[in-house]
Amino acid sequence: MCGAATHRAAHLFFKKGWKGANTMENSVVLEMRGICKYFPGVRALENVDFTLRSGEIHALMGENGAGKSTLIKVLTGVYPKDEGSISLEGQEAHIRSPQDAQNVGISTVYQEITLCPNLTVAENMYIGRTHGPLTNWRKINRDAGKILSELGIPARATQQLGSCSIAVQQMVAIARAVDMDCKVLILDEPTSSLDEQEVSKLFKLMRSLREKGVGIIFVTHFLEQVYEVCDRITVLRDGKLVGEYVIEDLPRVKLVSKMLGKDFDDMAEIKSEEDVEKIEYNSTPVYEAKSLSGTTGIQPFNFVIHKGEVNGFTGLLGSGRSECVRAIFGADKVNGGKVFVNGRKVRIRKPLHAMKNGISYLPEDRKRDGIVGDLSVRDNIILALQVMKGFFHPISRAQAEKYADEYIKLLSIKTASSDTPIKSLSGGNQQKVILARWLLANPVYLILDEPTRGIDIGTKVEIQKLVLKLASEGKSVTFISSELDEMIRTCSRLVVMRDGKVVGELRGADLNQNTIMATIAGGES
Amino acid sequence: MSSSENKLQNNTLLATIKKIVSKQVFIPIAALLILVIFNLAADPSFFKISVDKSSSGDPIMSGFLVTILDNASELAILAIGMTLVTSASGGQDISVGSAIAIAGSVMLRVVCGTSARPESLHAPIIVAFLVCVLVSMAFGAFNGVLVSYCKIQPMVATLILFTAGRSIASWINNNQLPVVSDPKFGYYGNFIPGIPVPTPIFIAAICMIVIALILKFTNLRLYSQAVGINPHSSRLNGINPQLVKLLTFVILGACVAVAGFIKVSRLSTINYAVIAKDIEMDVILAVALGGNSLSGGKFSMTSSILGAYVIQFLTTTLIKFKVSANAIAAYKAVVVIILVVMSAPIVREKLGSLKKKVLSRKTVKEVA
Amino acid sequence: MLSMSINTSAEKQLKKRAGITDTNLLLFITITVFFIMYACAVIFLKKGFTKPQSFLNILNENAALIILSCGMSLVMITGGIDISVGQVTTLICMSCAVLLDRHNGNVLEALLLALGIGLFFGLVQGFLVAYMDIQPFIVTLAGLFFAKGMTTIVNETQFNVENAAFKKLKSTRIKVPYLGSVNKLGKYIPAYIEIGVLVAISVVIILFIVLRWTRLGRNFYAVGGNNQSANMLGINVRRTKFMAHLLCGLLAGIGGFVYFMHVGSGSTSHAQGAEMNAIASSIIGGTMLTGGVGNIIGTFFGVLSLSTIKNIVSSLGLDQAWWTNITVAAMLCVFLLVQSVLLARKHSKKVKKVKKVKNQVSEDSSEASG
């Protein structure tokens with residue numbers, strides 16, 4: 001068994017000609033060969049190979065729609081593979097269901113929480129893998145409590161999972177996987193809902209698992225994180241394998257170009273200084289809030305944005321940055337404060353009020369708050385404009401078709417037709433459709449909450465360019481992103497939040513990593 | 001060369017067939033066709049329509065087809081409202097039968113006043129009808145408020161009215177069974193003298209035209225679909241999901257009033273325990289048969305209405321074959337299960353892959 | 001007495017678990033309401049509520065409903081619904097009656113027939129729901145129609161069963177010690193329950209154990225909570241759903257036979273609306289139709305609450321037929337509102353609390369790091 005694995009590894013060694021003998025130390029734990037997967041009309045995976053050695057953290061990279069998720073789902077038995085073979089420690093593995101995958105030692109933590117909110121934390125860690133017909137509650141509560149405290153997860157074993165924050169739920173999912181003595185641990189975008197401290201905690205955990213000889217597949221969009229923890233990178237593009245690289249051999253720029261399949265033009269230059277200077281800070285602001293407060297745990301805050309300005313809210317996850325913009329849009333209950341649009345006092349208590357005043361809001365959670373899954377791309381694009389026109393003034397089919405085609409072209413949305421349901425598009429294209437919806441509503445003030453989350457780098461760049469273009473056309477934009485460098489590149493002013501309070505406003509020379517970090521962390525440090 | 005041409009033709013034919021099959025309207029139409037063919041084979045006289053004289057000497061059309069169109073009227077009208085409710089709330093209103101009892105009871109109460117057998121009409125029929133519509137819409141709103149503002153699942157929320165409805169109906173008339181002697185009252189459920197077509201058919205047609213106009217000139221379709229698919233997203237786009245859900249229930253209330261009016265007009269009286277019994281089941285089946293997802297979202301109004309006629313067609317066919325009125329349910333159930341299984345995505349997928357295999361084998365043969 | 005002990009143990013559990021789950025909260029409300037209601041009835045409407053036998057009669061009358069409601073709760077916990085149980089009961093009564101009287105069957109055969117019919121419905125409906133992915137409402141609606149039609153095909157007229165062995169079984173009364181009462185003539189009348197009550201109570205206990213401790217039972221909750229997650233957690237969702245419907249069918253079989261033992265006749269109008277009563281009991285007992293939340297003990301108390309309120313209404317002198325239905329509906333309405341309000345409030349509180357905790361945690365750790 002072991003011999004076969006070494007043999008294969010040796011074979012690979014000669015075939016691909018890796019440098020560095022140290023890679024040979026670890027035995028191959030998982031080998032996928034020639035994996036193909038077809039969906040109606042789409043080739044999701046075409047002849048993809050993937051090799052994972054024990055005791056390594058292996059990043060799986062690619063743009064959205066490159067086939068990362070499909071490969072993971074094939075590996076975990078969610079989708080049956082159409083062709084190819086999977087072998088685990090040299091032995092052919094037949095994985096037909098998530099159960100099979102668990103049984104052979106493959107555990108997965110998915111991007112979306114895949115636990116049951118109605119069960120307790122402890123039960124979520126043990127359900128589906130206890131032995132014997134009866135549940136020993138005392139034992140699982142005790143065991144779970146031990147693991148939770150070992151990993152420093154702030155949750156009680158007997159707590160109902162639904163009452164935990166998303167980050168804690170994610171960590172519980174990891175705790176479950178960790179406890180399963182898995183040989184292969186798959187982390188599918190685990191960090192997208194964690195803040196920095198939680199991420200570093202997770203990395204600590206990943207490193208200690210690596211020491212124990214677990215092979216970890218790490219899927220993420222955050223390049224920094226890849227370079228922080230990973231040993232090796234496999235890049236996919238359009239369902240095909242681009243290659244497997246040792247991390248030292250692949251600088252960031254090269255990685256990005258491999259992922260995009262073209263040379264990456266440097267992003268640092270996209271903001272031109274003149275545009276920023278054009279903003280007239282003395283004119284009447286487009287939007288102004290005075291001691292606006294909401295019921296979602298944010299302190300009353302003041303906020304101003306001028307014509308042609310791009311600003312941003314920043315802060316740790318849960319600092320209230322999203323809650324602030326939701327209050328501006330009237331998405332959550334607002335219970336105090338004055339709001340002025342173009343100097344005129346207005347009342348914004350619900351989204352429709354905001355929309356009528358020319359404010360648009362692209363929500364943070366695309367799946368839950370953004371797309372209307374089963375509706376066509378066309379209906380999704382015209383939705384906001386339609387609502388603003390009112391119940392009794394439907395947009396004609398021909399007109400809707402025209403709008404849809406215009407924006408599909410403008411934002412180069414990849415879709416079979418405007419009739420395609422939006423849910424069958426990739427994440428980046430869905431986001432573009434939502435953007436199109438709000439652009440069509442022709443706002444004067446556009447709020448984009450995490451528009452670049454969970455989408456591929458190519459689209460990220462496009463969206464940032466679009467933001468700057470909109471600003472140069474005289475629209476005001478609030479841009480929120482959890483990636484600081486994106487914010488620094490696009491925004492001319494940053495509002496910094498901590499614990500539901502505005503703690504600082506940075507502009508000009510202060511817009512650099514260090515100052516922002518210091519402001520977020522607080523005055524004392 | 002000719003074979004390749006043949007193949008091309010085959011392919012375009014297949015493509016068009018595929019296009020037709022993938023349309024939602026295909027399901028009820030296919031069901032209807034099967035029933036029609038079955039009846040043609042069993043007894044072609046099923047489709048005979050004759051013009052007879054009624055007891056008062058007026059010409060009336062009779063025949064099974066006329067009966068189907070006539071009797072399906074209430075079902076079709078209710079299917080309109082139920083489709084909207086299903087779309088927006090992702091659940092069904094199981095209280096329509098009870099609500100019809102209430103509507104009918106209110107109607108008779110206004111028309112007859114307090115006496116059980118009045119000599120003349122106590123109030124004009126139009127006034128009674130309007131009162132009946134208002135009351136029904138109020139009950140619809142009650143269901144709607146429970147579903148939208150109290151966030152109770154529709155099935156459960158309407159269970160309340162389902163349980164209490166018939167009791168409320170008999171309470172309204174103090175448990176009496178009023179009988180209307182004025183023949184004019186019966187026109188709406190039977191025939192208007194001189195017109196050989198049953199009146200309910202016209203009423204149903206009017207309802208369909210009204211809903212078609214509403215769907216054309218308002219955003220009802222987009223709003224209820226958006227709310228049914230993703231209420232969070234709808235809210236952030238300025239739609240008030242609660243209001244839309246409430247609206248669909250109120251519309252269903254209006255449909256119930258019309259259906260209730262037809263029902264009491266047919267007999268000129270009411271029996272609280274029996275009127276529109278089990279009609280909620282038929283209506284829900286109609287919506288399902290129309291290929292609409294019962295968990296909300298996209299809908300096709302035409303398919304639902306067609307579905308209602310298919311259900312009635314099935315009922316009438318079974319009655320014709322001397323199946324006792326009570327046993328019909330069993331046959332209906334079997335037919336419904338077959339239809340639903342056939343249209344289940346899993347089965348369709350399997351059939352599709354089977355077809356592909358057969359086709360690929362054929363092409364292999366052709367190549368050989 | 002039994003119910004009392006369960007109540008206290010539930011309360012203990014509540015105290016032990018500082019973070020109370022939805023299931024336990026709803027259970028607590030149900031039990032509290034039942035006891036308050038019954039206590040009020042005993043205090044203000046002495047007649048007909050003070051005697052232990054009047055409480056036992058509630059059990060005697062509703063043994064079948066308890067069993068049906070248990071089955072309903074199982075399916076509802078997995079996120080489904082089974083509206084066929086009432087008509088299946090009717091079909092079972094009619095079939096058993098016909099078997100006993102017209103075909104000279106014996107009681108055992110009748111019992112097997114009842115279980116067979118129940119299992120058949122469970123099997124077919126479970127298969128269609130779980131493996132064909134058809135909405136449970138539609139499948140069981142068809143099941144309801146089918147059972148209804150089959151009943152009239154088996155026999156249309158109502159008749160009483162004259163089979164001697166069965167009549168003996170039907171009239172068997174089990175005396176309950178210490179709960180008897182003395183009548184006006186000074187004669188001691190022992191309190192009694194029917195066999196069905198024993199069956200019902202065993203079903204409740206068995207299902208409570210199944211749901212609380214067995215893997216299958218926990219899988220029901222997981223599937224109801226989020227069936228995609230359950231699948232990812234390595235639970236066979238299809239089989240779990242299938243099992244829920246199968247068990248519900250089996251319980252409909254048992255419940256049907258218990259009902260048959262209680263009424264001792266076959267009629268097309270038997271068990272009318274039983275499915276709605278079962279759904280109502282489950283909901284009053286704290287089972288959510290969305291799935292994942294519910295408790296069998298709650299369901300048991302749901303049935304008791306439902307029938308107690310019916311008894312209260314009729315002993316208030318509102319014995320016209322409509323009052324019962326209207327009160328039941330009103331009660332259902334109140335319960336649904338209370339539940340939705342309570343859950344909504346609890347969740348909003350929790351969110352705030354979690355946020356606060358989280359902030360504290362982050363502050364602590366930032367201090368530690370600084």
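Figure 1. The side of domain 1 of chain B that touches domain 2 of chain B is made up, by class, of seven nonpolar residues, with no polar and no charged residues. Two elements of chain B, α2 (26-42) and α12 (279-289), each give two or more residues to this side of domain 1, and α2(B) gives the most, with three residues.

**Figure 2. Extent of the contact between domain 1 and domain 2 of chain B.** The assignment for chain B places residues 19-49 + 57-322 in domain 1 and residues 333-368 in domain 2, and the C-alpha centres of these two domains of chain B lie 35 Å apart. Seven residues of domain 1 of chain B are in contact with five residues of domain 2 of chain B. The area buried between the two domains of chain B is about 510 Å², of which 85% comes from carbon and sulfur atoms. Of the area that domain 1 of chain B buries against domain 2 of chain B, 54% is supplied by Ile27(B), Leu289(B) and Leu314(B), more than by any other three residues.

**Figure 3. The interface of chain B and chain C.** The contact draws 44 residues from chain B and 41 residues from chain C, and the two chains bury about 3500 Å² between them, with 81% of that area on carbon and sulfur atoms. One salt bridge is found across the interface of chain B and chain C, and it joins the side chains of Lys148(C) and Asp278(B) at 2.3 Å, N to O. Between chain B and chain C, three residue pairs are in polar contact, counted where both residues have pLDDT 80 or more.

**Figure 4. Elements of chain B on the side that touches chain C.** At least two residues of the side of chain B that touches chain C are supplied by each of α5 (125-148), α6 (154-172), α12, α14 (328-343) and α15 (345-367) of chain B. The largest share of this side, 11 residues, comes from α6(B). By class, the residues of the side of chain B that touches chain C divide into 30 nonpolar, 11 polar and three charged.

**Figure 5. Two residues with positive phi.** Most residues other than glycine have a negative phi. Lys151(B), a residue other than glycine, has a positive phi near 55°, and Lys151(B) is found in the loop between α5 and α6 of chain B. Asn342(A), which is not a glycine either, has a positive phi of about 55°; Asn342(A) is found in the loop between β14 (334-341) and β15 (344-346) of chain A.

**Figure 6. Domains and confidence in chain A.** The assignment for chain A gives domain 1 (2-105 + 183-260), domain 2 (112-181), domain 3 (269-358 + 444-525) and domain 4 (370-442), and the C-alpha centres of domain 2 of chain A and domain 4 of chain A lie 41 Å apart. The mean pLDDT of chain A is 81, with 87% of its residues reaching 70 or more. Over residues 1-24 of chain A the pLDDT stays under 50, and the model has 24 contacts beyond four places in sequence for this stretch. The pLDDT is also below 50 over residues 263-270 of chain A, a stretch that has 13 contacts in the model beyond near neighbours in sequence. Where pLDDT is low, the predicted coordinates should not be read in detail.

Figure 7. Chain C averages a pLDDT of 81, and 85% of its residues score at least 70. Over residues 1-18 of chain C the pLDDT is below 50, and this stretch has 18 contacts in the model beyond near neighbours in sequence. Over residues 349-370 of chain C the pLDDT stays under 50, and for these residues the model has 18 contacts beyond four places in sequence. For the complex, the predictor gives an ipTM of 0.82 and a pTM of 0.77.

Conventions: Residues are numbered from 1 along each chain as its sequence is written. Chains are lettered from A and ligands numbered from 1 in the order in which they are written. Side-chain values use heavy atoms; hydrogens and water are left out. Domain bounds come from an automatic or database domain assignment. Contact means heavy atoms within 4.5 Å. Buried area is the accessible area (1.4 Å probe) that two parts lose on being put together, summed over both. Helices (H or I, at least four residues) and strands (E, at least two) are DSSP runs, numbered from the N terminus. Ala, Val, Leu, Ile, Met, Phe, Trp, Tyr, Cys and Pro count as nonpolar, Asp, Glu, Lys and Arg as charged, and the others, Gly among them, as polar. A salt bridge is a side-chain nitrogen of Lys or Arg within 4 Å of a carboxyl oxygen of Asp or Glu. A polar contact is a pair of N or O atoms within 3.5 Å; within protein, one must be able to donate a hydrogen and the other to accept it, and residues adjacent in sequence count only if both atoms are side-chain atoms. pLDDT is the predictor's confidence in each residue, from 0 to 100.
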